[in-house]
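User: I would like to work through a protein model step by step. Please show the sequence and the structure.

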Amino acid sequence: MMRILTFLALAAVLILPMTAKAHPIPDIPVRGYFKSDGTATLRIEIDTRCFAEDAEQEPYLQYWVLKEMTDAEKDAMRKQARDYVKKHIEFWFKPLKIDPEFKFDFTTFDNKKLEKIDDSVMITGEWKTKIPSGIEGYQIKSLKSGSIDVQFLNHIDGKALERIHVLFPGETSFLLDLSKLTALVPAAPETGSEEAVQLESTTADRWATLGTFLRQGFVHVVPLGLDHILFVLGLFFLSREWRPLLYQVTMFTLAHTITLGMATMGLVSVSGSIVEPIIAASIAFIAIENIYRPKYTHWRLLVVFIFGLIHGLGFAGALSELSLPPASLVIGLLGFNIGVEFGQLAVIGIAFAATAWLKEEKQYRDWVVVPGSAMIAVLGAYWTVERIFFNG
């Protein structure tokens with residue numbers, strides 16, 4: 001029975017190359033800009049990789065490639081973006097379902113002008129309208145037909161709202177109250193302190209934003225971050241004793257928190273074509289070290305810290321290109337990082353539970369550590385070669 005379980009576990013690792021992804025494609029931001037005079041602008045940013053069958057493995061469309069395209073090819077891409085939005089996202093001025101007539105153009109992230117030849121190309125749609133009288137509010141839904149998360153971000157009278165909602169496919173955003181934002185002058189608060197009401201709303205919005213990014217951070221590890229899962233398993237395989245494991249996980253957490261924060265705030269930027277192969281190589285290195293250096297030493301902490309810095313740059317893609325407002329950025333970073341930690345703890349917890357029946361350490365090493373690390377090393381090497389030579 002034990003041999004069968006081990007064989008099945010190793011066979012599962014063997015087929016991972018057919019299913020493993022690099023880091024998930026960044027979310028689709030949907031930004032609403034609303035004014036007290038009743039005017040509204042909806043803007044949506046479509047990553048051209050969304051059109052590919054396997055978006056995570058598709059390279060960014062760069063500006064120099066776009067410049068070589070014909071007008072007909074560009075128009076076809078605009079149509080793809082228009083069809084994509086209609087198929088995957090619903091828009092509501094509650095209780096009215098609306099069909100925004102987006103005008104699409106080519107930009108880079110956050111509606112910025114394309115300038116450098118290696119700028120990543122986005123297809124940004126914009127629709128200007130008036131807020132209908134008598135509506136309850138504004139809301140969007142990410143339809144189940146989609147495979148990419150949607151960000152619900154809003155501004156009122158030029159001020160970015162702190163509450164941000166990350167929508168997984170099939171989910172509906174919170175209802176943004178627009179009942180007083182019409183062509184009429186907004187009504188004054190009827191009772192109570194306006195300042196107190198605003199404070200209560202802000203606190204609730206911060207908790208909601210924290211929760212939505214916490215969930216996103218967890219999902220970026222389990223189940224989407226297979227490379228991170230295998231790295232954490234590599235840390236676990238070295239020793240099931242709590243001290244070495246605690247030291248390694250703490251060092252890894254510290255390292256990727258540093259670079260995740262720096263990259264998200266724009267203080268450091270490293271191309272994914274560099275980061276992704278190094279992440280893959282780090283998986284192979286840790287796994288090989290498990291085989292040939294079976295005893296924990298403090299050298300391991302330096303290795304984990306260096307690789308943790310690189311993994312943090314990999315995580316940053318989920319946040320760095322969204323141009324979040326400052327307050328939401330801090331909260332989003334905190335929530336995302338907590339979610340990542342919960343994801344790592346889940347991986348370790350599952351690994352503990354799966355190997356608890358192996359009490360004898362020699363048996364554990366012979367049956368789990370050596371064969372498991374060998375397969376992870378092969379997989380890490382496979383990803384390294386693939387990401388260097390076959391990911392555009």
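User: How many residues does H7 have, and what span does it reach from its first C-alpha to its last?

Analyst: This is a predicted model. In it, H7 is a helix covering residues 272–292. At 1.5 Å a residue, the expected span is 30 Å, and the helix comes close to that. H7 has 21 residues and reaches 30 Å.

User: Which residues of H7 are buried?

Analyst: A residue counts as buried when its relative accessible area is under 20%. An α-helix has 3.6 residues a turn, so residues three or four places apart point the same way. The buried residues of H7 are Val275, Glu276, Pro277, Ile279, Ala280, Ser282, Ile283, Ala284, Ile286, Ala287, Glu289 and Asn290.

User: Which helices are included in what covers the buried residues of H7?

Analyst: The cover is judged by contact, meaning heavy atoms within 4.5 Å. It includes helix H5 at 226–238, helix H8 at 299–315, and H10. H10 spans residues 361–389. The names asked for are H5, H8 and H10.

User: Are H5 and H8 roughly parallel or roughly antiparallel?

Analyst: Two packed helices are described by the angle between their axes and the distance between the axes. The axes of H5 and H8 come within 12 Å and cross at roughly 165 degrees. An angle over 145 degrees counts as roughly antiparallel, so H5 and H8 are roughly antiparallel.

User: Which residues in H5 and H8 meet, and is the crossing left-handed or right-handed?

Analyst: From H5, the residues in the contact are His228, Phe231, Gly234, Leu235 and Leu238. They meet Arg300, Val304, Phe307, His311 and Phe315 in H8. As H5 passes H8, the crossing is left-handed.

User: Which residue forms a salt bridge with Glu276, and how far apart are the closest N and O atoms?

Analyst: Side chains of opposite charge can pair when their charged atoms come close. The partner of Glu276 is Arg387. This pair links distant parts of the chain, with Arg387 in H10 and Glu276 in H7, 111 residues apart. Both Arg387 and Glu276 are buried, and the closest N and O atoms of Arg387 and Glu276 are 3.1 Å apart.

User: Which strands hold Arg43 and Glu126?

Analyst: Arg43 and Glu126 form a salt bridge, with their closest N and O atoms 2.7 Å apart. The two residues are 83 residues apart, so the pair links distant parts of the chain. Arg43 is in strand E2 (residues 39–47), and Glu126 is in strand E6 (residues 122–130).

User: Where is Pro95 found, and what is the omega of the cis peptide bond that joins Lys94 and Pro95?

Analyst: Most residues other than glycine have a negative phi, and most peptide bonds are trans. Pro95 is found in the loop between strand E3 (89–94) and strand E4 (96–98). The bond from Lys94 to Pro95 is cis, and its omega is about 5 degrees.

User: Which residues does the cis peptide bond with omega of about 10 degrees join?

Analyst: One of the two residues is Pro223, found in the loop between helix H4 (194–221) and H5. The cis bond joins Val222 and Pro223.

User: What is the phi of Asn111, and where is its place?

Analyst: Phi of Asn111 is near 60 degrees, a positive value in a residue other than glycine. Asn111 is partly exposed, with a relative accessible area of 32%. Its place is in the loop between strand E5 (103–107) and E6.

Technical notes: Residues are numbered from 1 along each chain as its sequence is written. This is a predicted model: local features need pLDDT of at least 70, side-chain atom pairs count only at pLDDT 80 or more; totals for chains, interfaces and linings use all residues. Side-chain values use heavy atoms; hydrogens and water are left out. A salt bridge is a side-chain nitrogen of Lys or Arg within 4 Å of a carboxyl oxygen of Asp or Glu. Helices (H or I, at least four residues) and strands (E, at least two) are DSSP runs, numbered from the N terminus. Buried means under 20% relative accessible area, exposed over 50%, partly exposed in between (1.4 Å probe, protein chains only). The expected span of a helix is 1.5 Å times one less than its number of residues. Axes are lines fitted to C-alpha atoms, for helices over the stretch in contact, and angles run from 0 to 180 degrees between N-to-C directions. Angles under 35 degrees count as roughly parallel, over 145 as roughly antiparallel, 65 to 115 as roughly perpendicular and the rest as oblique. A crossing is left-handed if the near helix is turned anticlockwise from the far one by less than a right angle, and right-handed if clockwise.
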